[in-house]
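Subject: Structure handover

Hello,

Here is the structure for you to look through. Please open it first, then read my notes below.

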Amino acid sequence: ENGISVFSFHSRADKAVGGVNDILANLLGVFDPVPFGEGMLGRIGEIEETCTAEDFAYRVKQALSSDSVKYADALNPVKCVAVVGGDGKDFVRSAILAGADLVLELPVTCALSSAEGFASGGVKILGGFCSKLCFGSETGDLSHLQTISDHLCSDEFDAALTAYLSQNPNQTYRMSVREVYRMLYGDSFSEGSNDILSLSYLNALKKHRSPIVPMTVKRKGERYNGAGEGFASATSVRAYLQAGDFEKIKASVPTETADALLCAFQNGRLALPERIYPLFATLVRTRGKAVFENIYDVSNELAARLLKFAYARTMTEFLTLCASKNDSPSRIRRAMLSVLMNVRKEDVTQVPYTTVLAANGVGRAILKDIRKTAGIPIVTKPADAEKYGEAAAEIELVAKAQTLADLPHCQCAL
């Protein structure tokens, strides 16, 4: 009727609950498969009895009614099986090379939060089963960071900050914290982004009265914004990706990571932040200030700047114009995502659940044990999240975030 001969969902059908990969896992006798890989495309689990690669290849041939099956035999017994239908070859490699036994997802609302919300969400998820939490810092001095955290969490500091904020309503919260700290203790703490996140983790551990033992690793090389020399920062690596400069990427990250990035780049699976700007600018230009109403972590002042400069032609120009001493480019990028996904203030309350992104045999054994002690539900199948009433808003946000991530080919210009 509309002149469309083929309408294919591709990856959406592959990764959907009850979709292609769940069906494949069931046909091949994979028990309790869990999602893995970018976008949770694949499924991984164990078969009932260990067998040889040849025997399993025959099982695949029979289950799928195939004339033939190609397989490679490393002479290792087959017990754990990963299933990836569609364009999943990138993720098979990532599943094999990933050194983690278990990967849990930080909810969208935490990922879009400031350092305090990000750290609090992580501690909440790990509470009940994790014994140590390791994070990077510019100082590398845990004792010094603990002292600062103790001051920040004290009743003395809390009272002084409350009084200062009431007397200086136009001052930002972060600047107020620094000024009150200087007045009380005659010193200031590091401006480094890793130190700020480190303090947020330490504060969150105190807030949740967590028994988790903190550890820190001194950051070396470039600063978070790419300034300095040495090991490349994430900012620099993202810039290399944007420019397609894989020689610099190979010199900056482990070989396995460089290979995975190159493969994702060649297959158009990198959702670079710069590519969401045309979507954001179009939304703001057509709907105006209404798009910022009740949006999480977007002040009236920031909303006014986002609206004013949404006529910039590139993401780089937009960030340069919008950034201020109170709002860093990172915060502006988070605000853009909140606007695009319509993240409301009421959506950001607590961590409703966490999702398993990947697990190997060891990880599944860990998962079985920690379900009994975890402070929040741990979901292995996305559909199960609906069992938890407060998760509905988070489920919707996850879907919106994945929609944005599925637009890597967006090349429209303004």
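The protein chain exposes about 23,000 Å², and carbon and sulfur atoms supply 53% of that area. Accessible areas come from the Shrake-Rupley method with a 1.4 Å probe, and for residues only the protein chains shown count as cover.

Before you read on, note that this is a predicted model, in which local features need pLDDT of at least 70, side-chain atom pairs count only at pLDDT 80 or more, and totals for chains, interfaces and linings use all residues. Residues are numbered from 1 along each chain as its sequence is written, and side-chain values use heavy atoms, with hydrogens and water left out.

**The whole chain**

The protein chain has 414 residues, and 37% of them count as buried. Buried means under 20% relative accessible area, exposed means over 50%, and partly exposed lies in between (1.4 Å probe, protein chains only). The secondary structure comes to 19 helices and 8 strands. Both are DSSP runs, numbered from the N terminus: helices are H or I with at least four residues, strands are E with at least two.

Now take the contacts in the chain with a separation of 6 or more: residues 24 or more positions apart account for 68% of them. Contact means heavy atoms within 4.5 Å.

**The sheet with β4, β7 and β8**

These 3 strands form an open sheet. Their order is β4-β7-β8, and the pairing is mixed. Which strands stand at the edges? They are β4 (102-104) and β8 (378-379). Each has a single partner strand, so one side of each is left without a neighbour in the sheet. Two strands pair if DSSP finds at least two bridges between them.

Strand β7 covers residues 354-359. β4 and β7 pair in the antiparallel sense, over 3 bridges. Leu 104 stands opposite Val 356 in β7. Val 103 stands opposite Ala 358 in β7. On the β8 side, 2 bridges join β7 to β8, and these strands run parallel. There, Thr 354 stands opposite Ile 378 in β8.

**The pair β5 and β6**

β5 and β6 run parallel and are joined by 6 bridges. In a regular strand the side chains alternate between the two faces of the sheet. Look for this along β5 (residues 132-137). Leu 133, Phe 135 and Ser 137 point to one face and are buried.

Next, find Val 217 in strand β6 (residues 213-218). Gly 136 stands opposite Val 217. What does Val 217 contact, leaving aside its neighbours within four places in sequence? The answer is Cys 134, Phe 135, Gly 136 and Ser 137. Val 217 is partly exposed, with a relative accessible area of 45%. Leu 142 is 75 residues from Val 217 along the chain, and their C-alpha atoms are separated by 8.9 Å.

**Two packed helices**

Two packed helices are described by the angle between their axes and the distance between the axes. Helix α14 (residues 277-287) and helix α17 (residues 329-340) pack at an angle of about 60 degrees. Their axes are 10 Å apart. Axes are lines fitted to C-alpha atoms, for helices over the stretch in contact, and angles run from 0 to 180 degrees between N-to-C directions.

The crossing of α14 and α17 is left-handed. That is, the near helix is turned anticlockwise from the far one by less than a right angle; clockwise would be right-handed. From α14, Tyr 277, Leu 279, Phe 280 and Leu 283 make the contact. From α17, Met 336, Val 339 and Leu 340 take part. These residues divide into 7 nonpolar, no polar and no charged. Ala, Val, Leu, Ile, Met, Phe, Trp, Tyr, Cys and Pro count as nonpolar, Asp, Glu, Lys and Arg as charged, and the others, Gly among them, as polar.

**Residues to look up**

- Arg 209 is in the loop between α10 (193-207) and β6. Its phi is near 50 degrees, a positive value in a residue other than glycine. Arg 209 is exposed, at 76% relative accessible area.
- Asn 342 is in the loop between α17 and β7. Its phi is also positive, near 55 degrees. Asn 342 is partly exposed, at 34% relative accessible area.

Best wishes
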